[in-house]
Amino acid sequence: MGHHSNWPEWVYVGVVIALMCWVGAEAWNAERLVEHIPADAEVIKVTGQQWFWSFEHEDGTKEIGELHVKVGKAYKFEIMSKDVNHSFNIHDYVVLLDAIPGRVNTVWFAPMEVGEHDIQCREYCGLIHYNMRGKLIVEEAEPSS
Amino acid sequence: MVLELQKPRPIWQIMFSTHHTDVGLLYLITSLAFLFLGGTLALAIRAELFFPNANGGYQIIADSMTFNRMFTVHGTTLIFLFILPFASAVGNYLVPIMVRYKDMAYPKLNAIAFWMIPPAGALIWLGFADFTWYATPPYSIISAPGPAADMWIFGLKILGISSVLGAINFTVTILKCKHPDMSMGQVPLLAWSFLTSSLIVLVAIPTFAAALLMLLTDRLGVSGFFNPAMGGDPIAYAHLFWFTFHPEVYVLVIPAIGMMYEIIPRFSRKPIFSHSSGIFAFVLLSMVSFSSWAHHMYATGMSFTEKTVFMIGTLAAVPASAMHVFNFIATMWNGRIKFATPMMWAVGGIALFFSAGAGGVVNAAMPLDFQTHDSYWVVGHFHLFVMGTIAFGSIGFFYYLFPYVTGRMYNERMGQIHFILSFIGTVLVFFTQHVLGLYGMPRRVYDYPPIPEWITMNQIASVGAMIIGVSMAIFLINMIYSSGKGKLADTDDPFNLGGKYYYPFEAKNPHH
Ligand code: HEM
Ligand SMILES: [Cu+2]
Ligand SMILES: [Cu+2]
């Protein structure tokens with residue numbers, strides 16, 4: 001056992017602790033901001049089931065496998081599952097939340113550009129999990145009336 | 001130390017023995033057999049993912065269910081049937097010697113704990129379940145086909161009991177049977193690693209043991225703990241599962257760190273930089289390992305506050321891990337380092353441990369985890385630990401033990417080639433998988449859309465896996481050949497380290 005001085009180790013531990021505090025504070029702050037759902041966000045009900053996604057818009061329109069949204073608007077997803085756990089994911093927009101039977105999970109996003117993005121399932125759900133995929137289609141907003 | 005293969009004995013004498021080195025040998029052989037079995041599945045998985053199936057790419061594995069079963073059994077095997085039994089092998093050989101006792105505290109219990117492993121392994125392999133290594137309900141209740149899933153559940157149940165028995169034995173051996181002249185502060189760090197990891201086992205495992213029973217009765221339809229159709233809650237299972245298995249990852253890694261604490265000072269020909277800080281970091285890790293389990297569950301819809309609590313709990317474990325890294329580097333500093341095979345594995349393992357930890361911090365930071373969670377990033381992250389750190393430490397230690405177990409030397413050149421190829425392969429597979437995850441590829445997929453970046457990265461990872469495969473073939477040949485025909489080892493100083501750092505355990509075992 002050491003008769004030598006141990007101060008370099010304590011300095012090092014101090015640096016690590018400081019780094020972790022910094023990471024934690026930044027993460028806390030960023031998460032607080034992204035979780036703040038805008039009041040005017042339009043609700044889209046998302047249902048996962050083996051092995052596809054279906055969507056219901058606020059006006060009652062339903063879609064399967066494809067989701068059409070307007071650029072520049074905020075949307076709030078209410079995510080459910082009919083059978084086993086799934087995870088609703090639009091990776092390009094960092095939308096990721098589990099679909100769990102018996103509960104409703106919410107997450108929001110606001111597409112900034114017109115385009116197409118992949119929707120996928122990120123939680124193992126069986127036979128066709130690998131192909132439980134869909135498309136997000138972000139369209140031009142209608143001219144406001 | 002015993003020289004198992006120097007004095008050939010009939011196999012049944014070893015099988016029915018309760019002596020710690022015999023049980024150690026049984027653990028050793030079993031764990032290595034499962035390393036090769038589980039590794040073969042990994043190669044098949046990587047072969048399947050080399051090409052996407054679109055546009056006439058061909059399938060290696062005929063259907064997705066077979067693939068799902070393969071990654072489930074791959075993970076289960078390497079965690080429970082390779083890493084844990086390998087650690088037990090090392091503990092059996094060395095813990096009694098290090099605390100200067102004649103055997104484990106309860107030799108019969110020790111043999112029983114070992115003999116639970118082969119039947120559990122058989123249940124897992126013959127069942128070949130598909131519900132991933134965490135058997136999440138409600139999939140595991142309503143969607144996972146019968147006997148396979150039930151066999152997995154029983155297999156894990158048996159392994160859990162075996163772990164608890166082993167942990168009791170190590171704890172008592174170290175605390176109660178240690179030589180009275182030896183203070184706890186003098187107990188070598190490898191033995192400390194077994195003490196702390198055993199204490200984690202005793203606190204952590206019962207929770208999952210209960211969850212497994214509840215899962216079983218849910219499957220039988222007589223209860224609905226986790227089945228939403230019967231008013232149950234799948235999230236409850238996730239908490240029970242991770243309450244056991246986040247601490248369990250430290251049960252896996254702590255003995256491997258302990259093994260590095262044996263290798264690094266000897267091959268640096270210097271005493272460990274700080275014995276007491278090693279002990280401190282082990283004890284600290286064993287406690288903070290319980291503060292972070294729900295970092296696996298950020299995406300299940302936890303509240304902001306819950307996520308924050310578990311993020312802090314996770315980050316709190318980092319300084320303790322970082323202390324070990326410091327201790328290793330400070331020990332090597334100014335040492336007369338001899339880069340023989342065991343040292344190469346240990347140093348490589350430390351480098352990968354550091355990279356893995358950095359990735360872990362990213363996962364822990366809540367907003368970043370929504371990029372990485374359940375993507376290939378996570379697969380890369382934990383493989384840098386389980387393969388890069390734990391398997392590296394274990395394999396290095398295996399080379400280190402080899403002369404003491406067999407009385408012969410392995411082929412040094414082949415050992416070094418084994419390391420270099422494995423290191424290159426590990427970097428290729430698991431660093432690439434981190435990036436692949438950032439590109440959004442989900443884990444546990446049998447096939448993927450032909451996105452050019454995904455294809456390239458999958459191919460790099462698959463090539464890396466094949467390189468590891470080749471290195472492991474070299475390992476196998478080296479082991480088999482050298483244990484029979486290798487040149488006789490000088491067991492006083494098999495690695496030619498000279499001076500006082502050569503022999504791990506002055507007190508030879510009185511039994512032999
Ligand atoms: C000490 C050795 C470690 C081992 C053996 C290990 C192992 C694992 C395993 C097996 C998983 C994935 C489980 C699964 O989803 O199948 C995982 C995920 C994770 N690890 Fe580690 N880990 C270790 C250290 C760390 C450290 C030091 C940190 C953080 C500082 C960390 C943070 C995480 C996080 C946050 C996840 C969840 C990622 C997600 O699913 O999104 N781990 N780890
Ligand atoms: Cu899925
Ligand atoms: Cu964890």
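## A:Asp118 and its partners

At 26% relative accessibility, A:Asp118 counts as partly exposed. The model described here is predicted. A:Lys135 forms a salt bridge with A:Asp118, and the closest N and O atoms of the pair are 2.6 Å apart. This pair links distant parts of the chain: A:Lys135 lies in strand E10 of chain A and A:Asp118 in strand E9 of chain A, 17 residues apart. A:Lys135 has 29% relative accessibility and therefore counts as partly exposed.

A:Arg133 also forms a salt bridge with A:Asp118, with 3.6 Å between the closest N and O atoms. Here too the pair links distant parts of the chain, since A:Arg133 is in the loop between E9 and strand E10 (134-139) of chain A, while A:Asp118 is in strand E9 of chain A, 15 residues apart. With a relative accessibility of 22%, A:Arg133 counts as partly exposed.

## The interface of chains A and B

Chain A and chain B bury about 4,300 Å² between them, and 65% of this area is on carbon and sulfur atoms. A:Arg122, A:Tyr124 and A:Tyr130 supply 16% of the area that chain A buries against chain B, more than any other three residues. In terms of contacts, 46 residues of chain A meet 62 residues of chain B.

Across the interface of chain A and chain B there are 14 residue pairs in polar contact, counting pairs with both residues at pLDDT 80 or more. On the side of chain A that touches chain B, the elements giving two or more residues are H1, strand E7 (95-99) and strand E9 (115-121) of chain A. H1(A) provides the largest share of that side, 15 residues.

## Salt bridges

Over all chains the count comes to 10 salt bridges. Between chain A and chain B the count is two. A:Glu31 forms a salt bridge with B:Lys307, where the closest N and O atoms are 3.5 Å apart.

Within chain B, B:Arg219 forms a salt bridge with B:Asp150, and the closest N and O atoms are 2.8 Å apart. B:Arg219 lies in helix H8 (residues 189-220) of chain B and B:Asp150 in helix H7 (residues 148-176) of chain B, so the pair ties together parts that are 69 residues apart in sequence. B:Arg219 and B:Asp150 are both buried. Elsewhere, salt bridges that share partners join A:Glu31, A:Glu35 and B:Lys307 into one network.

## Nonpolar patch on chain A

A:Trp7, A:Val11, A:Val15, A:Leu19 and A:Trp22 make a nonpolar surface patch of about 580 Å². One of these residues, A:Trp22, is placed in helix H1 (residues 7-34) of chain A. A:Trp22 counts as exposed because its relative accessibility is 53%, and the cut-off for exposed is over 50%.

## B:Thr196 in helix H8

B:Thr196 is found in helix H8 of chain B. B:Thr196 counts as buried because its relative accessibility is 2%, whereas buried requires a value under 20%. A polar atom of the B:Thr196 side chain lies 2.9 Å from the backbone oxygen of B:Trp192. The backbone oxygen of B:Ser193 lies 3.2 Å from a polar atom of that side chain.

Leaving aside residues up to four places away in sequence, B:Thr196 touches B:Ile254, B:Phe282, B:Val283 and B:Ser286.

## B:Lys270 in a loop

B:Lys270 is placed in the loop between helix H9 (234-268) and helix H10 (275-288) of chain B. At 24% relative accessibility, B:Lys270 is classed as partly exposed. The side chain of B:Lys270 reaches two backbone oxygens: that of B:Trp333 at 2.6 Å and that of B:Thr331 at 3.1 Å.

B:Lys270 and B:Asn334 are 64 residues apart in sequence, and their C-alpha atoms are 8.7 Å apart in space.

Notes:
Residues are numbered from 1 along each chain as its sequence is written. Chains are lettered from A and ligands numbered from 1 in the order in which they are written. This is a predicted model: local features need pLDDT of at least 70, side-chain atom pairs count only at pLDDT 80 or more; totals for chains, interfaces and linings use all residues. Side-chain values use heavy atoms; hydrogens and water are left out. Patches are made of residues with over 30% relative accessible area and no salt bridge: like charges are joined within 9 Å, nonpolar side chains (Val, Leu, Ile, Met, Phe, Trp, Tyr) within 5 Å. Accessible areas come from the Shrake-Rupley method with a 1.4 Å probe; for residues, only the protein chains shown count as cover. A salt bridge is a side-chain nitrogen of Lys or Arg within 4 Å of a carboxyl oxygen of Asp or Glu. Helices (H or I, at least four residues) and strands (E, at least two) are DSSP runs, numbered from the N terminus. Buried means under 20% relative accessible area, exposed over 50%, partly exposed in between (1.4 Å probe, protein chains only). Contact means heavy atoms within 4.5 Å. Buried area is the accessible area (1.4 Å probe) that two parts lose on being put together, summed over both. A polar contact is a pair of N or O atoms within 3.5 Å; within protein, one must be able to donate a hydrogen and the other to accept it, and residues adjacent in sequence count only if both atoms are side-chain atoms.
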